[in-house]
Amino acid sequence: MALAQALIWLLSLRGLAAMQQQQQYPYDDSTLTLTSFGAPDPFVTCFRGQYYFTFTAGDRIEIWSSQSLVDIETTGFRHRIWQPPPGTTHSADIWAPELHSLRGRWYIYYTAADPAHGNKSHRLYVLGGPSTERDPCSGEWEFLGPVYPMPDQWAIDGTVFGIGDELYLAYSGWPLHRSELHKPENKDFKNQGPTQHTMAGGSAETEDWTTAPAADDAGRVQHLYIVRLASPCRASSKPVLVGLPYQKWEITHDGNGAHAINEGPQWLASPDGRWQGLVYSCGGSWTHDYKMATLRYRGGDPLDPASWRKSETPLLQMHKQTETGPFGPGHGSFLHVGGEYVIAVYHATDGPDDGWGNRRARIQRVAFTERGPYMGKSFGVDGPFQTDGMLARMAAKLGPKKRAPTSEDRTEGFRAFMEARRIENQAEGGQM
């Protein structure tokens with residue numbers, strides 16, 4: 001244990017020294033690439049010193065496990081958790097699996113379609129696994145069916161999170177008629193700010209929150225919804241509309257028209273709990289303009305749209321004035337890796353015209369300011385970096401005094417940082 005602590009200390013100093021050679025240098029939001037091939041919609045969790053990584057594999061659900069996240073492609077064990085029987089209503093286009101520990105059992109939430117009906121049949125499904133006392137890849141998994149009762153709605157990207165003692169499911173879906181939506185007691189739309197909007201271009205401060213666009217069979221409009229769960233598989237409320245794509249940077253225009261898309265919701269909380277909310281992806285996932293933004297939970301009833309406020313700018317997007325990429329960052333998940341550290345795991349392409357191909361998994365640190373999460377205005381170094389504490393001051397003294405950090409320095413620093421977290425997680429896992 002003493003050796004592990006010493007290694008953590010040295011690696012933390014090394015990482016901070018490389019990342020913060022002097023504190024007046026810009027904030028570093030460099031990235032590491034986890035996969036050499038496309039691994040869209042990545043999701044990571046950590047249990048007893050092991051990282052568990054899953055992503056959209058298309059025809060199955062696969063989980064990789066390793067003690068190292070940054071080297072998970074080369075060091076991980078690959079487990080085929082589930083492959084549905086062919087020809088069933090949930091056997092095609094399996095998207096965005098997520099592994100969750102809920103109420104003493106492992107669950108996987110995912111999206112799948114009926115091969116006889118194609119994309120329009122995408123719905124949310126759940127697998128049940130072993131007890132959370134066991135490695136999730138060591139036991140049997142069973143198909144539990146769809147989340148129910150739910151409207152007969154195209155729905156993808158389900159994720160589960162807790163607020164207080166309640167479980168909630170957030171997802172992306174085609175528009176519902178207002179009769180199918182939960183009706184909160186508080187209908188004062190003005191107080192919630194521009195979270196909702198109509199695609200007709202009305203004012204966010206004058207439109208009723210229930211005024212949603214008509215059903216869009218072409219799939220060009222996707223909203224964000226939340227339902228309360230009585231159990232990991234059973235909904236106890238109607239859906240609540242919490243996110244409508246109304247800002248210009250949320251909308252993609254192409255030869256098929258305007259695509260107003262909010263999808264890929266993920267729960268994120270700051271280490272001190274002062275900021276909580278959902279990070280979502282928007283725009284066309286097949287374009288280099290795909291990006292992430294936030295929907296802050298403001299307190300109160302999560303089933304009241306007034307409890308959520310959309311950000312006015314993206315959380316992460318490609319650099320508008322560069323050709324180096326990565327491009328189209330989106331569908332991220334978030335992981336606390338010890339202490340006050342949080343990382344994002346998301347996909348992005350190497351080229352601006354890669355479309356849905358080559359969406360490789362990446363990781364990047366998440367900082368928190370008074371306004372909430374911060375991941376840079378775009379990729380690279382672009383803002384002041386502030387830090388406090390003895391460790392940071394010592395690390396600053398270790399680096400050169402007059403040389404700005406190179407991209408290689410920043411990458412090496414990030415790897416050292418993640419290695420320190422790996423050793424720390426492994427040590428903690430061994431004590432459990």
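Analyst: Buried means under 20% relative accessible area, exposed over 50%, and partly exposed in between, with a 1.4 Å probe and protein chains only. Strands (E, at least two residues) are DSSP runs, numbered from the N terminus. The model is predicted: local features need pLDDT of at least 70, side-chain atom pairs count only at pLDDT 80 or more, and totals for chains, interfaces and linings use all residues. Residues are numbered from 1 along each chain as its sequence is written, and side-chain values use heavy atoms, leaving out hydrogens and water.

User: How many residues of strand β23 are buried?

Analyst: In β23 (residues 360–369), seven of the 10 residues are buried, and the strand is mostly covered.

User: Which strands pair with β23?

Analyst: Two strands pair if DSSP finds at least two bridges between them. Strand β2 (residues 31–33) is antiparallel to β23 over three bridges, with T31 bridged to Q364. Strand β22 (residues 342–349) also pairs with β23 in the antiparallel sense, over seven bridges; there, R362 is the partner of Y346. Three bridges link β23 to antiparallel β24 (residues 372–374), where F368 faces P373. A hairpin of two residues connects β23 and β24.

User: Where does N358 lie, given its positive phi?

Analyst: N358, not a glycine, has a phi of about 60 degrees and sits in the loop between β22 and β23. Its relative accessibility is 28%, so N358 counts as partly exposed.

User: Is H331 buried or exposed?

Analyst: H331 counts as buried because its relative accessibility is 3%. This non-glycine residue, with a positive phi of about 45 degrees, belongs to strand β21 (residues 327–336).

How values were computed: Helix = DSSP H or I, 4+ residues; strand = E, 2+ residues; numbered from the N terminus.
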